[in-house]
Amino acid sequence: MEEFFTWSALGTYAGATLAVTLITQLVKGIGWIERIPTRITSYVVALIVLIAAAAVAGELTWSSAGLAVINAVVVSLAANGAFDAVNGVTR
């Protein structure tokens, strides 16, 4: 494997979840982003990742963008849950 991520891997559930987890943890403490709830930040990151992956793969249509809005919820919640599980956070 020559690359950590590929665009096709980012288009999968597992790849998108991992990328969203990492990017969210990287940016959530930066300046004005710090005031935004992490779940919202995570959702926006998931939406950007999914739309970018579809665009690069040449599969971005109005239909796929609409599905990305819904899929971003699933990816975001999975990313948040994975981070909480690793850190032993209970609610």
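**The pocket and its surroundings**

The largest pocket has a volume of about 210 Å³. A pocket here is an open set of points on a 1 Å grid over the protein atoms alone, where a 1.4 Å probe fits, with protein on both sides within 12 Å along at least five of seven lines. The volume is the space filled by probe spheres set on the points, which are joined across faces, edges and corners. The model is predicted: local features need pLDDT of at least 70, side-chain atom pairs count only at pLDDT 80 or more, and totals for chains, interfaces and linings use all residues. Residues are numbered from 1 along each chain as its sequence is written, and side-chain values use heavy atoms, without hydrogens and water.

Lining residues, which have an atom within 4 Å of a point, include Trp7, Leu50, Glu59 and Asn71. Helix 1 (7-10), helix 3 (38-56) and helix 4 (62-87) each supply at least two of the lining residues, and helix 4 gives the most, with four. Helices are DSSP runs (H or I, at least four residues), numbered from the N terminus.

Helix 3 has 19 residues and spans 27 Å from first to last C-alpha, close to the 27 Å expected at 1.5 Å a residue, where the expected span is 1.5 Å times one less than the number of residues. Its buried residues (under 20% relative accessible area, 1.4 Å probe, protein chains only) include Val45, Leu50 and Ala53. Leu50 and Ala53 also line the largest pocket. Just after helix 3, Gly58 takes a positive phi of about 75°.

Terms used:
Buried means under 20% relative accessible area, exposed over 50%, partly exposed in between (1.4 Å probe, protein chains only).
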